[in-house]
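Biologist: I have not looked at this one before. Can you take me through it?

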Amino acid sequence: MKNYSEIAYAGKAKLAHGYPDLAFKPDGYIKNDEAISVMANIIQKNYFNFDVLRQYKDYESIPEWALYSYVKAKNAGFIKDTEYLNPEGYLTEEDA
């Protein structure tokens, strides 16, 4: 499997867990929701104020599996104050 060592490391370090259906998609471009999920796994503090996402016009398009990750990333200051989160968009070099 391509990138096996990187994938195995991410799993052991608990940075990436795969999708709810246990799938892992290592060969595609990274979407914003996937990147946010990995970043949120680094954040040790727990956040429970989901209202911080309501300022974004597309917050309802966040996949359920990524919702808590967005809350953690927003509260930790990883997400910019813009109008849209674009969770299904692909991660750009600038955003990375």
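What follows is a short chat about the helices, the core and the aromatic pairs.

Biologist: Before anything else, where does the model come from?
Modeller: It is a predicted model.

Biologist: How many helices and strands are there in the chain?
Modeller: The chain has 3 helices and 0 strands. Read from the N terminus, the order of elements is α-α-α.

Biologist: And what share of the residues is buried?
Modeller: Of the 96 residues in the chain, 31% are buried.

Biologist: Which residues have the most contacts inside the largest nonpolar core?
Modeller: That core has 13 residues, and the ones with the most contacts inside it are Ile36, Leu53, Ile62, Tyr70, Ile79 and Leu85. Helix α3 gives the largest share of this core, with 3 residues.

Biologist: Take leucine 53. What does it touch, leaving out residues up to four places away in sequence?
Modeller: Leucine 53 touches Tyr59, Ile62, Leu67, Tyr70, Val71, Lys74 and Leu85.

Biologist: What about contacts across the chain, how much comes from residues 24 or more positions apart?
Modeller: Such residues account for 63% of the contacts with a separation of 6 or more.

Biologist: Changing topic. How many aromatic pairs does the structure hold?
Modeller: It holds 2 aromatic pairs. One of them is formed by tyrosine 29 and tyrosine 90, with ring centres 6.2 Å apart.

Biologist: Why is that pair of tyrosine 29 and tyrosine 90 called edge-to-face?
Modeller: Because the planes of the two rings stand at 75 degrees, and an angle over 60 counts as edge-to-face.

Biologist: Where do the two tyrosines sit in the chain?
Modeller: Tyrosine 29 is in the loop between α1 (4-12) and α2 (32-42), while tyrosine 90 is in the segment after α3 (67-75). They are 61 residues apart, and the pair links distant parts of the chain.

Biologist: Is tyrosine 29 buried or exposed?
Modeller: Tyrosine 29 is exposed, with a relative accessible area of 72%.

Biologist: And which residues make the tilted pair?
Modeller: Phenylalanine 50 and tyrosine 68 do, at 6.3 Å from centre to centre and with 40 degrees between the planes. Phenylalanine 50 is in the loop between α2 and α3 and tyrosine 68 is in helix α3, so this pair ties together parts 18 residues apart in sequence.

Biologist: How accessible are phenylalanine 50 and tyrosine 68?
Modeller: Phenylalanine 50 has 32% relative accessibility and counts as partly exposed. Tyrosine 68, at 26%, also counts as partly exposed.

Definitions and conventions
Residues are numbered from 1 along each chain as its sequence is written. This is a predicted model: local features need pLDDT of at least 70, side-chain atom pairs count only at pLDDT 80 or more; totals for chains, interfaces and linings use all residues. Side-chain values use heavy atoms; hydrogens and water are left out. Rings of Phe, Tyr and Trp (its six-membered ring) pair if their centres lie within 6.5 Å; planes under 30 degrees apart count as stacked, over 60 as edge-to-face and the rest as tilted. Helices (H or I, at least four residues) and strands (E, at least two) are DSSP runs, numbered from the N terminus. Buried means under 20% relative accessible area, exposed over 50%, partly exposed in between (1.4 Å probe, protein chains only). Contact means heavy atoms within 4.5 Å. A nonpolar core is a set of buried Ala, Val, Leu, Ile, Met, Phe, Trp, Tyr and Cys residues joined through side-chain atoms within 4.5 Å.
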